[in-house]
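Visitor: Hi! Could you walk me through this one?
Guide: Happy to. Here it is.

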Amino acid sequence: MGQPVQRVEDQRFLRGQGKYVDDIAVGEHALHAAVLRSPHAHARILDIDVSDVLDLDGVHAVWTWDDLADLSAPMAEPLPLLIPHPTLINGRTQYALAKDEVNYMGEAIAFVVADDRYVAEDALARIRVDYELLTPVVGIAASRAAEHLVHEDVPGNVGARLEQENGDARAAIAQAPHTLTLDLDIERSSCQPMEGRGVVARWDADLNRLLAWSSTQTSTGVRAAIAVKLGLDLGQVDVITPDVGGGFGVKINHPWPEELLVPLAARALGRTVKYTEDRREHFIATAHERAQVQHIEVGFDDDGRLLGLNVEFWHDHGAYTPYGLIVPIITSTQLLGPYKPQSYRVVFESIYTNTVMVTPYRGAGRPQGCFAMERTMDAIAQYLGKDRTEVRAVNFIQPDEFPYDHGLIFQDGRELEYDSGDYPASLEKIKALVGWDEFPAYKAEMAAQGRQVGIGLACYVEGTGVGPYEGAHVHIETSGKVKVATGLTTQGQGHATVFAQLVADELGVRFEDVEVVTGDTRRMPYAVGTFASRAAVMSGSAIHLAAKRAKEKVLRIAADALEVDEKDLQIVDGVVSVKGLPEASIDLGTVSVLSNPLRYAFDEASKAATQFSVGDPGKPPVAEGDEPGLEGKDFYSPERATFASGMHAVIVETDPETAEITILKYAVVHDCGNLINPMVVEGQIHGGVAQGVGGALYERMAYDESGQLLNASFMDFLIPYVTEIPDGIAIDHLETPSPLNPLGIKGAGEAGVIPSAAVFASAIEDAEGFTIKAMPISPSELFHLRQSQEHR
Amino acid sequence: MKISGSNVIDQPVDKVWDALLDPRVLVATIPGCERLETTGDNQYAMTVTAGVAAIKGTYNGSCALSDLHEHQSLVMTLSGAGAPGTVDATVNVAFSEPAPGQTQIAYDADAVVGGMVGGVGQRMLSSVSKRMAGEFFGNVGTAISGGGRAGSAASVVETADAPGVFSAPAKVGGIGSQDDFVKGIVVGAGLVVLGVVIGGIFGRRRS
Amino acid sequence: MKPAPFAYHRPGSVADAVAALAGDAGAKVLAGGQSLVPLLSMRLAAPSALVDINGIPGLDTIEVDTASSGGGVRIGALARHADVLASEDVRRVQPLVSLALANVAHATIRNRGTTVGSLVHADAAAEMPVVLSLLGGSIDVEGPGGRRTIPADELYVGPLESSVHHDELAVSAFFPALAPGAGVAFEEIARRHGDYALVGVAALVDGDSVRAGFLSVSDVPTVVDLTGVADDDLGDAALEHLEPAGGIHSDIHATAAYRAQLVRVLTRRVVLAARVSRQARQPKGVAR
Amino acid sequence: MTEERHTVRLHVNGHVYDAAVPARRLLSDALRHDLGLTGTHVGCEHGVCGACTVLLDGRPVRSCLILAVSVDGQEVTTVEGLTNEDGSLGPVQQAFLECHGLQCGFCTPGFLTTITAGLRDNPTPTHEEARDMIAGNLCRCTGYQNIVKAVERASVLQRAQRAKDATVVEEGAHRPSRDQVTEAGT
């Protein structure tokens, strides 16, 4: 633990031998599926005519909603609402194929299976659909105005309204010496992993079983959904998550229509069927995030201490709510960051629009919360004429105040209670790292050259490693090799390396003798998934515990065999030996052999375990409460999340003429508890920062008033190339262990992206001298902001 | 998106009005219209080829004339769908008589462009619609000055085995007599824009 | 995103290519394909046939042309952007071509995309059409009626529309040489490195004459004569010409007003840079 | 199927493949589905992301923007062709491993092919040239920081490797055509 070990999975990736879902079943004449999608944001389907498709060579099936009930009754029902919430009184989910209405441009209408994707798309072009156009509701303002409804039976377009309060914020604000009001706005963006979604399914008629591969963040979730929707027992369905080309949150939502339609087709046609989402589909038919409008009222004292904070916001969740209220709940709670307002009230409405649904995108509501809180801090500093870091410092939860209970309920339904952290220390580190105190001199120096620069700072706290649980299975084979399985999936985080490090450490085996499998329901059927920066915390801890159990058994058997006390044994590089007596030793392979009493020998080694070789005739071969085999299995289920934290600072230059925004320096201080593999953690931070730069300065979903997504391609949705990303990101670590898990670790996956909107707004505001209220921001928008300042 | 314009024709209103309700005239004058089928009173299904440069696509469209106030106004509801996308337009057409024997036609189209085109090409619409309007009126000029065309209404053939199905001679090019052209403007507006937009996409990559 | 089916012709000569084009009104030429193939995949274009000219020998030439008046460089239909950009002859005879090419997409696209293809594609947001227009170059096309030369000012008729007929194949482009003592410069501003420019400006100063070409501003590549305009007025003078001419357009990346601001800034910058380059250049550097 | 198929001969990573494909088959699909070389990935199919980048006669091109029929008879190098003859990682691959230049690995093949050609043309890039070399490829995981490091590291490893190869050639050892492919177009 703590070593920057090179990743084992890279050998495969670097040789082009990764197995992503579209690499499955290549060359075995799998059939390929394609989906007809609505060109309209809001319309009633009057008629679907597929007659021209049937006579097309190479087409094997074409289905609309009308066909689903006959194939499997539950398929004609709406898709599941994954995370119900008592206040989500108007939750809605779509059908696998639209029944009689489409509510966003891109909603699935018909499903075609053909010899290859080319022919499948030929078929789509022959399907004719008659629509009655309905007025689309696009944007938060239109949804709140509610002149038109997304769903006829959802009044005011409001899916849910949730309020939480700790103390009496409104009274506190009324009595506060100073008050401010802010109105803020954040646009939509999306994950855009380089690999889109994909599903392959194979029905084995001989075994009466279904095997499916999906590019998902939860194979157990997909498995359960397939079983229910296809009317199969869970035991008849296996789901494998192969290599995944990035997830960033969007692949945690499930089941996507194709995750059900492809298995359905595999069973109906008796053929292997594959669906590979293309880029345009990923834009118009998968999921987005981020869009919120926020209204903030704050009361504070002369030092900037928060006496009362009252936040209202409106969360655009798109056309459906399969993932419940997770994103806005996270915004409403994580908004508090490292601060302790004396009273806090938050109320949000999660509202419908005729746009692609919203599910978590890396950060999952935290970037919006961070934006609200940090904009408020900057506004207070500006108002009081204080340094922005001072105002933050007086509001920090102090190191001796942990555990700190905010008196709110978090996304996992448990108290929002921070376990540990050291925010003052982080602030000192980030100031040193970015050169905060030296900046005024630098700014003056630049100004003398006619150049505009600004510095920004943003702090965040991230609840990571939420439950309910993860499990792990550790199996020491008679070869001495260790096979580890955990149920959650991997999208590039290097789990095969990081988890192997944990097992090697705990078990005393060589790192290269440990093999880790993730996301295969055949190896670990009980799991939740990879989201909320939980993999290392949850599966890491479970693996640690499972390895401990295996180790206990190793020592027990070895002690027996060597006739010594367990306490005198040590395991080094896969060999159990008596401390200070190396010749008295036994290797793990042999221990594994001995762990499984045999009647039949199948090789030299196994002879040692046969009935005439071992065992006390006076006892049963397998002792009471024991079981054969050298395995350890355990689950980790924490009481609550563990809270990582960090601070970002950035120095930007804005061109006085062209309004171009250039990043001069980016600094990150990050505290995710103990580090398992610093190299991997820094990689996560780099990626998060880059995604944050994209989200703050380049990426947005540009919908027009008719609900058409105008930039549904990489040509116009501007993911940064290396040329747009700072050359070098300064990183400093703080390691405040979590008391909640055996490894003292916290999650690191999302941190890098959380403060970006806030930190860039802060820096651009500092450079320009006027308030930034909306993100992302483009040079064109900055230019117009300057114009509107002049015209005041 | 909105497309609007007006135009004066040296023909009396009643003649223009009658021509407007004649499918033979429609098929001959809608730019790129290859086939037109009567599906009901003043309702037609048609196949139109539209696009710019070499980037053309074939679209199945429908056109319905409603709210007929004889010699005064009508509403034309258009929809076209092809592999690249869809366009749905409502065109309000108003007739007036600026001078005896003349007809002024004002049209005001509101088009919604959807599908792939909506996703990657819509931002070309404004410049494209401007260009289309220019082309329409240019053609009107030609028509008025007597510039004929191969497939004028006269040469439209009604398919024998399928009554009510009209097909224009291959390769619709120029413009028929001036009154015929009126419908070219109004009916064409919605559909042609779609095709032109598609050309717009070409702008987003390098040859 | 997969192309619809089409017939495929791979002619071995220009004559065969022209014949194939003439034989099918729905046929389209495939050269570099860096614009066409994504359109095919999105099914925004569905030509009945593709005439792939990549098999025609002798079309990939890049040569100094002394025959044509004033001399210049002649670039064949299959010369890839990357090869033109790498050509020392081109850089020496008409540096503006090289300056602009360096801004065309990314290196990987330039390895396949062709300069002539980009010219006939007639995209007002692309670099090469405006360069051809500013320099007063031309393209040679071959059709059933034989070969003809289309001067740049007759080439661009509308957005993405050139005056090359459907049954004609553009075989080469001619960029006039930079006159001794003349200067050129190019600059564009894009959202991301390698993206289409929000605004791009090319300038040519020769004696008293000052002319600038603008890309991504209006529907067709536009050239404005700025001769005699004071340096500080260059931007506004350019706008006076550009705004009436079809107007400056807005899109999701930049409003018309912001584009106008970039025109103001870039016009001055680029014209001044062209002057500097003139002083810096050795007249003898121009080949004759 | 009734769609006409065209026979194409592709020389990929030194091996000859004959395939009968429809004219519309993209090179990326031909490599992946017809030839089974799934190391080349498809990220956008409109030429922006660069995941599908392969070397065509030694030059990086987007295989999603090229028709397979259009490159009949030409040499293609994919990520599978970048390892050393002994099966060990090539210099660019090794550098990515050492510098943690990849996470999910999906965009990686496009970077590896691009950088392989880039370092052939410019074996000792400056830091700015190293960044510019990868400026046409999208990565959503790494923030590019370690990929730039990998380019610089690969340049060091590659020079060492090329020195070794050169001596091997002098000894008249057989050079597999993969090397000829990577030499082509220089």
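Visitor: How many Å separate the centres of domain 1 and domain 2 of chain A?
Guide: The centres, taken over C-alpha atoms, are 37 Å apart. The domain bounds come from an automatic or database domain assignment. Mind that this is a predicted model, in which local features need pLDDT of at least 70, side-chain atom pairs count only at pLDDT 80 or more, and totals for chains, interfaces and linings use all residues. Residues are numbered from 1 along each chain as its sequence is written, while chains are lettered from A and ligands numbered from 1 in the order in which they are written.

Visitor: And which stretches are the domains of chain A?
Guide: Domain 1 is 10-134 + 197-276, domain 2 is 364-466 + 639-790, and domain 3 is 470-636.

Visitor: How many residues of domain 1 of chain A are in contact with domain 2?
Guide: Five residues of domain 1 of chain A are in contact with five of domain 2 of chain A, contact being C-beta atoms, placed from the backbone, within 7 Å.

Visitor: Switching topic: is α4(A) enclosed or open?
Guide: Helix α4(A), residues 117-126, has eight of its 10 residues buried, so it is largely enclosed by the rest of the structure. Buried is 20 or more other C-beta atoms, placed from the backbone, within 10 Å of a residue's own. Helices are DSSP runs (H or I, at least four residues), as are strands (E, at least two), numbered from the N terminus.

Visitor: What covers the buried residues?
Guide: The cover includes β1 (31-37), α2 (51-54), β3 (59-63) and β5 (108-114) of chain A.

Visitor: Which residues have the most contacts inside the largest nonpolar core?
Guide: A:V112 and A:V503, in a core of 415 residues. Such a core is a set of buried Ala, Val, Leu, Ile, Met, Phe, Trp, Tyr and Cys residues joined through C-beta atoms within 7 Å. Helix α16(A), residues 535-562, gives the most to this core, with 13 residues.

Visitor: What does A:V112 touch?
Guide: Beyond its neighbours within four places in sequence, its contacts include A:A120, A:A123 and A:L124. Those three are among the buried residues of α4(A).

Visitor: How do α15(A) and α16(A) cross?
Guide: The axes of α15(A), residues 495-507, and α16(A) come within 9 Å and cross at roughly 35 degrees. Axes are lines fitted to C-alpha atoms, for helices over the stretch in contact, with angles from 0 to 180 degrees between N-to-C directions. A:V503 is one of the α15(A) residues that meet α16(A).

Visitor: Last one: how many residues does chain A give to the contact with chain D?
Guide: Chain A gives 45 residues and chain D gives 45. The largest share of chain A's side, six residues, comes from α19(A).

Notes
Contact = placed C-beta atoms within 7 Å. Buried ≥ 20, exposed ≤ 12 C-beta atoms within 10 Å, placed from the backbone.
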